[in-house]
Amino acid sequence: MNLLDHFCRMARNNLWSNDRLYRAVLQLKPGEFEAERTSFFPSIKATLNHILAVDYLYLDFLEEGGVGAAAHDDFVPFDQPQALFAAQVAADRRLIAFCHRLTADDLDRRVVTDRREDGMIPERIGDLLAHLFIHDIHHRGQVHAMLSGTSVKPPQLDEFFLDYDLKLRQADVERLAIGGGN
């Protein structure tokens, strides 16, 4: 496997993991989505909105969309988990498509990132992708932990890459039309 393949697999994993997490979130009792909890962000709602806002920012950087920091700064948080889920799916699909268009030369190509107070900083596409995947995993883990204090059992999120786990993800992978993860 090369790095391009790895990034494509990570993008598909993002969609799969978010799908599993949101399907749990959609089962929450009224008030649990926005309830104050102990974490980096004060609720499941705030954390999931943060993930999407950062995804929008990095997608703009990667696609050289020209929106810059406003992609994050002007983000309007979603109040309802269903609408937030739909927006996250669309962002995840954009990321998958972006990764599938990459060439090996693109990974070292620099794109300008608008960091408002720190200015315009050129970053390598490969580094931006690596950071984005780590960011999303980090905050999904926080939502996963917060779900432990709700009426909904947190879903398993680490059964995507191994052939051994294929039976555990196959139905989701087929429903999402993203391939087996390998």
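Where in the chain is the place of A177? In this predicted model, A177 is found in the segment after α6, the helix of residues 166-176. The backbone angle phi of A177 is near 55 degrees, which is a positive value in a residue other than glycine. Most residues other than glycine have a negative phi. A177 has a relative accessible area of 66% and is exposed, because the cut-off for exposed is over 50%.

E64 also has a positive phi, near 50 degrees, and is not a glycine. This residue is in the loop between α2 (44-63) and α3 (70-73). With a relative accessible area of 49%, E64 counts as partly exposed.

The next topic is charge. Side chains of opposite charge can pair when their charged atoms come close. How many salt bridges does the count come to? The count comes to 11 salt bridges.

One of them joins E63 and R94, with 2.5 Å from N to O. This pair links distant parts of the chain, since E63 is in helix α2 and R94 is in helix α4 (residues 81-101), 31 residues apart. E63 is partly exposed at 30% relative accessibility, and R94 is partly exposed with a relative accessible area of 33%.

Another salt bridge is formed by E159 and R20, whose closest N and O atoms are 3.5 Å apart. Here too the pair links distant parts of the chain: E159 is in the loop between α5 (125-147) and α6, R20 is in helix α1 (residues 3-25), and 139 residues separate them. Is E159 buried or exposed? E159 has a relative accessible area of 14%, so this residue is buried, the cut-off being under 20%. E159 and R20 also belong to a network of salt bridges that links them with D19, R23, D172 and R175.

The side chains of D127 and R124 meet in a salt bridge as well, at 3.6 Å from N to O. D127 is partly exposed, with a relative accessible area of 41%. R124 is partly exposed too, at 31% relative accessibility.

The aromatic rings come next. A pair of aromatic rings is described by the distance of the centres and the angle of the planes. A search of the whole structure finds 8 aromatic pairs. Among them is the pair of Y22 and F85, which is stacked, with 5.0 Å from centre to centre and 5 degrees between the planes. Y22 lies in helix α1 and F85 in helix α4, so this pair ties together parts that are 63 residues apart in sequence. Y22 is buried, with a relative accessible area of 1%, and F85 is buried at 12% relative accessibility.

The pair of Y58 and F61 is edge-to-face, because the planes of the rings are at 65 degrees, with the centres 5.4 Å apart. Y58 and F61 both lie in helix α2, 3 residues apart, which is about one turn of the helix. Both residues, Y58 and F61, are buried.

Elsewhere, W16, F160 and F161 form one aromatic cluster. Which ring does the charged end of K167 sit over? The charged end of K167 sits over the ring of Y164, 4.4 Å from its centre.

Technical notes. Residues are numbered from 1 along each chain as its sequence is written. This is a predicted model: local features need pLDDT of at least 70, side-chain atom pairs count only at pLDDT 80 or more; totals for chains, interfaces and linings use all residues. Side-chain values use heavy atoms; hydrogens and water are left out. Helices (H or I, at least four residues) and strands (E, at least two) are DSSP runs, numbered from the N terminus. Buried means under 20% relative accessible area, exposed over 50%, partly exposed in between (1.4 Å probe, protein chains only). A salt bridge is a side-chain nitrogen of Lys or Arg within 4 Å of a carboxyl oxygen of Asp or Glu. Rings of Phe, Tyr and Trp (its six-membered ring) pair if their centres lie within 6.5 Å; planes under 30 degrees apart count as stacked, over 60 as edge-to-face and the rest as tilted. A charge sits over a ring if NZ of Lys or CZ of Arg is within 6 Å of the ring centre and within 35 degrees of the ring normal.
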